[in-house]
Amino acid sequence: MNMKGWQFTETDTPLKLVEQADPTPKPDEVILALKASGLCHTDVGILHDPSWAPMVESPVIIGHETAGVVTQVGADVTNVKVGDRVAVSPQNPETGKTIGAFRDGGYADVLAVPAVQLVPLPQDVSFIQGAAATDAGMSAYHPLFVVGQAKKGMKVGIIGIGGLGQFATNMAVIAGCDVYVADTKASSRDWAMQIGVTAAYENISDLAQHHLNLIVDFAGFDTTTNEAIKAVKPGGTVVLVGMGILHSTIDTGALIFNNIKLIGNSGGTPADIAKVLDFFETGKMHPMLETTSYDQIPEGLVRVQNGDVKGRLIATRD
């Protein structure tokens, strides 16, 4: 049989719907029938920003956050079996290679992937939630809980309540943190208050009055990081995740004299994804997840590029 997928060839060239022979698993791989795949702003960058070119081996079917059902297993695979529901870690923890960049990814109906990248998907967690957990969830959990060491009772600030920021905000509230957010969109601030944050502001500077231990910047639009440095309490930590603009002007005086720790973070691990799925199992995780079809992935990416998606957009297949 032949699979179909949306293939990237070069910058500023539309995705091409290709049909090719179904893959067969290598000894350490499995084959998945994909059920849900998230549309990420990274893929917008791959499509339109030439600076992403060194990080992609084209032609390649893009898409790096996905979930599905195991249909075949390689000879050496022992951690999953045919019929298992799984989420897929974007990065191979052994090689660092990412699906949808260095090998075919999730904007397809079939995927071959090393079994080491699989995370069991609990029965009461949907494929849509599982796909979102693999990147948006993982990339929110790791900077918040692993790098930032957030824990119950800690005063935590979140800048940018988009796809990742929603996950971080929701998980921090569930974990019992004292959470404060900053976002320019009133609808995002309203959502944050509804799920239990202590306060929500339009301006990052308003966070300073709360003497926060940790701020995670999921926006990364130049000034946001500098404002975070000035808003966190002396001795506090700022973790930068957002890549809205890939540069920032930093007030080094505030950084030095207040002994601020500024740490960058990208991605996470399969163990992080499992933790995100645990949060979904609580029944208290409610990030905004909108759906589209696999056939509409190119149009969906235009919506992501234009900022027309609240939360995360997930392509689904029956």
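Author: Met-55 is partly exposed, at a relative accessible area of 39%; buried means under 20%, exposed over 50% and partly exposed in between, with a 1.4 Å probe and protein chains only. This is a predicted model, in which local features need pLDDT of at least 70, side-chain atom pairs count only at pLDDT 80 or more, and totals for chains, interfaces and linings use all residues. Residues are numbered from 1 along each chain as its sequence is written, and side-chain values use heavy atoms, with hydrogens and water left out.

Reader: Where does Met-55 lie, and what is it in contact with?

Author: Met-55 sits in the loop between α1 (41-48) and β4 (60-61). Helices (H or I, at least four residues) and strands (E, at least two) are DSSP runs numbered from the N terminus. Apart from neighbours within four places in sequence, Met-55 is in contact with Ala-101 and Phe-102, where contact means heavy atoms within 4.5 Å.

Reader: How far apart in space are Met-55 and Leu-121?

Author: Their C-alpha atoms are 29 Å apart, and the two residues are separated by 66 residues in sequence.

Reader: Let us turn to Glu-202. Is it buried or partly exposed?

Author: Glu-202 counts as partly exposed, at 46% relative accessibility. Glu-202 belongs to the loop between β11 and β12. Not counting residues up to four places away in sequence, Glu-202 touches Asp-183, Thr-184 and Arg-189.

Reader: Which sheet contains β11?

Author: β11 belongs to an open sheet of six strands, in the order β11-β10-β9-β12-β13-β14, with parallel pairing. Two strands pair if DSSP finds at least two bridges between them. The edge strands are β11 (199-201) and β14 (261-264), each of which pairs on one side only. From one strand to the next, the twist averages 20°.

Reader: How many bridges are there between β13 and β14?

Author: There are four, in the parallel sense, with β13 covering residues 237-240. Leu-240 stands opposite Gly-264 in β14.

Reader: Which helix lies across this part of the sheet?

Author: Helix α2 (residues 127-147) lies across β9 (155-159), β12 (214-217), β13 and β14, and runs at about 160° to β12. Axes here are lines fitted to C-alpha atoms, for helices over the stretch in contact, and angles run from 0 to 180 degrees between N-to-C directions.

Reader: And how do α2 and α7 cross?

Author: The axes of α2 and α7 (residues 270-281) come within 8 Å and cross at roughly 105°. The two helices are therefore roughly perpendicular to each other; angles under 35 degrees count as roughly parallel, over 145 as roughly antiparallel, 65 to 115 as roughly perpendicular and the rest as oblique. Among the residues that make the contact are Gly-130, Met-138 and Phe-145 of α2, and Ile-273, Val-276 and Phe-280 of α7.

Reader: Changing topic: which strands pair with β3?

Author: β3 pairs in the antiparallel sense with β7 (residues 110-114) over five bridges, with β5 (residues 66-73) over seven bridges and with β16 (residues 312-316) over four bridges. Ser-37 faces Thr-66 in β5 and also stands opposite Ala-315 in β16. Glu-29 stands opposite Pro-114 in β7.

Reader: Is β3 mostly covered or mostly exposed?

Author: β3 (residues 29-39) is mostly covered, with nine of its 11 residues buried.

Reader: Finally, how compact is the protein chain?

Author: The protein chain has eight helices and 16 strands. Its radius of gyration is 19 Å, close to the 20 Å that the globule rule gives for 318 residues, so the chain is as compact as a globular protein of that length. That radius is taken over C-alpha atoms, and the rule is 2.2 Å times the number of residues to the power 0.38. Of the 318 residues, 53% count as buried.
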